[in-house]
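Subject: Structure for your files, with notes

Hello,

Here is the structure I said I would pass on. Please look through it first; the notes on what was found follow below.

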Amino acid sequence: MKTKSIIYCVAVALILVFAPASSRAEIRNHAGPLLTMDNASAGNHVLAYSRAANGAVSFLGEFATGGIGTDSGLGNQAALILSRGGRRLFACNAGSDEISVFRVTPHGLQLTDKVGSGGRRPISLALHGNLLYVLNAGGLVDDADNVTAFLFLNGHLSFLVGSTRFLSAANTDPAQISFLPDGNVLVVTEKATGIIDTFTVNDDGLIDEHQQFASVGQTPFGFAFRRDVLIVSGAFGGAPDASAVSSYEVADDGSLQVISPSVPTTETAACWIVVTRNGHFAYASNTGSGTLSGYDVSSGGSLNLLNADGLTAVTGPGPIDMALSVNSHFLYALNSGNGTISAFRVNHDGSLSSLPGLNGIPSGANGLAVR
């Protein structure tokens, strides 16, 4: 494996608290925050919730990103991400073509930077060390899809000159960008073309060796990793009960080898994917069915449904994002159909137990991050 020469930021463990000083003592025992964005065209805000040790969440406040949203769904995953240590938060402003950076302090979120995204309609972010890549879905707004890199130092983003790369076509309706866990390969899914893009990452943070692979499942959307195994949802164009999840082995040069081709969810429009920290379980959110499908993931990356009927849990209508807590004990789903966030306890066998969730989430909300 290559060793990056980019200087990585080292973060110490931090208990996150988003509240006035008068209430800090009360929430100091909380496990961490849950964050989403209202994605408002009048001014985008991060909505912060306190997450208790038992998984329960409660509203703490909203923090302006300084940019604007779109008031509508973006067909994406990872528009809002936390750094590995949880001390920094990065947010897409899809309506103003900007990325906002927040510092997480005992007093709340502090906006430290806001920069142009290097394209139009930023919808997804990938962070490895201090290297941030942005997926711009410019083809949806009469521009061109691209990925662009920034270096993150001292709370600020600096454009990495020469980093912009285009996808397989000008308008691919892309969904997500993310690094392989070791940071040496960058992956992008294209919904409209059915292509999975891979790029190898050089020591200087630039990418090359762009490869394009036909997804074995139609409409590749969200994805996550189990070490060097890529697990991808296939929405199959929203066809009723036709969704599936596939897995691939990712080589050092970015090439993909199919492991499990299109294991059905038996549900509709599987779009978002999360994988537990230990890599044993993966979950797909079925937007058209309002359900979650769980999979057992073998050590070799093969997939098997946890439930024969594909129904592991019921969310609110239209789940459009998911996130696991840092210890993978809790799973949350953002539901666009009724403005809620569903909450579940992840049991040892991968089954999900429903917990009280949240109401009153804006209908256009986008992104979900949990610590």
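Two strands are taken to pair if DSSP finds at least two bridges between them. With two bridges, strand S25 (residues 313–314) and S23 pair, in the antiparallel sense. Please keep in mind throughout that this is a predicted model.

S22 and S23 make a hairpin with four residues between them. Gly290, in the turn of that hairpin, has a positive phi of about 70 degrees.

Strand S24 (residues 303–305) is joined to S23 by three bridges and runs antiparallel to it. Asp296 has Asn304 of S24 as its bridge partner. S23 and S24 also form a hairpin, this one with five residues between the strands. Its turn includes Gly301, with a positive phi of about 95 degrees.

How enclosed is S23 by the rest of the structure? Six of its seven residues (291–297) are buried, so the strand is largely enclosed.

The loop between S23 and S24 is where Ser299 is found. Ser299 is exposed, at 62% relative accessibility, because the cut-off for exposed is over 50%. Arg226 is 73 residues away from Ser299 in sequence, but the two C-alpha atoms are 8.8 Å apart in space. Apart from neighbours within four places in sequence, Ser299 is in contact with Arg226 and Arg227.

Nonpolar cores

The largest nonpolar core contains 34 residues. Those with the most contacts inside it are Leu34, Tyr283, Met322, Leu331, Tyr332 and Ile341. At least two residues of this core come from each of S22, S26, S27, strand S2 (45–51), strand S21 (270–275), strand S28 (340–346), strand S29 (352–358) and strand S30 (366–370). S27 gives the largest share, five residues.

Leu34 is in contact with Leu47, Ala48, Tyr49, Val57, Tyr332, Ile341, Leu368, Ala369 and Val370, leaving aside its neighbours within four places in sequence. There is also a second, separate core of 27 residues, and Ala79, Cys92, Leu109 and Val134 are included in it.

Most residues other than glycine have a negative phi. Asn154 is not a glycine but has a positive phi of about 55 degrees. Asn154 sits in the loop between strand S10 (145–153) and strand S11 (156–159). Is Asn154 buried or exposed? Asn154 has a relative accessible area of 72% and is therefore exposed, the cut-off being over 50%.

Ser328 is also a residue other than glycine with a positive phi, near 65 degrees. Ser328 belongs to the loop between strand S26 (319–324) and strand S27 (330–335). Ser328 has 9% relative accessibility and so counts as buried, for which the value must be under 20%.

How many cavities of 30 Å³ or more does a search of the whole structure find? The search finds one. The largest cavity has a volume of about 30 Å³. Its lining consists of Ile320, Leu334, Asn335, Ser336, Gly339, Ile361, Pro362, Ser363 and Ala365. Five of these count as nonpolar and four as polar, with no charged residues.

Glu209

Glu209 is part of strand S16 (residues 207–214). With 49% relative accessibility, Glu209 counts as partly exposed, because that class runs between the 20% and 50% cut-offs. Glu209 and Gly254 lie 45 residues apart in sequence, with 8.0 Å between their C-alpha atoms. Beyond its neighbours within four places in sequence, Glu209 is in contact with Thr198, Phe199, Thr200 and Asp253.

Regards

Key: Residues are numbered from 1 along each chain as its sequence is written. This is a predicted model: local features need pLDDT of at least 70, side-chain atom pairs count only at pLDDT 80 or more; totals for chains, interfaces and linings use all residues. Side-chain values use heavy atoms; hydrogens and water are left out. Buried means under 20% relative accessible area, exposed over 50%, partly exposed in between (1.4 Å probe, protein chains only). A nonpolar core is a set of buried Ala, Val, Leu, Ile, Met, Phe, Trp, Tyr and Cys residues joined through side-chain atoms within 4.5 Å. Contact means heavy atoms within 4.5 Å. On a 1 Å grid over the protein atoms alone, a cavity is a set of points where a 1.4 Å probe fits but cannot get out, and a pocket is an open set with protein on both sides within 12 Å along at least five of seven lines; lining residues have an atom within 4 Å of a point. Grid points are joined across faces, edges and corners, and a volume is the space filled by probe spheres set on the points. Ala, Val, Leu, Ile, Met, Phe, Trp, Tyr, Cys and Pro count as nonpolar, Asp, Glu, Lys and Arg as charged, and the others, Gly among them, as polar.
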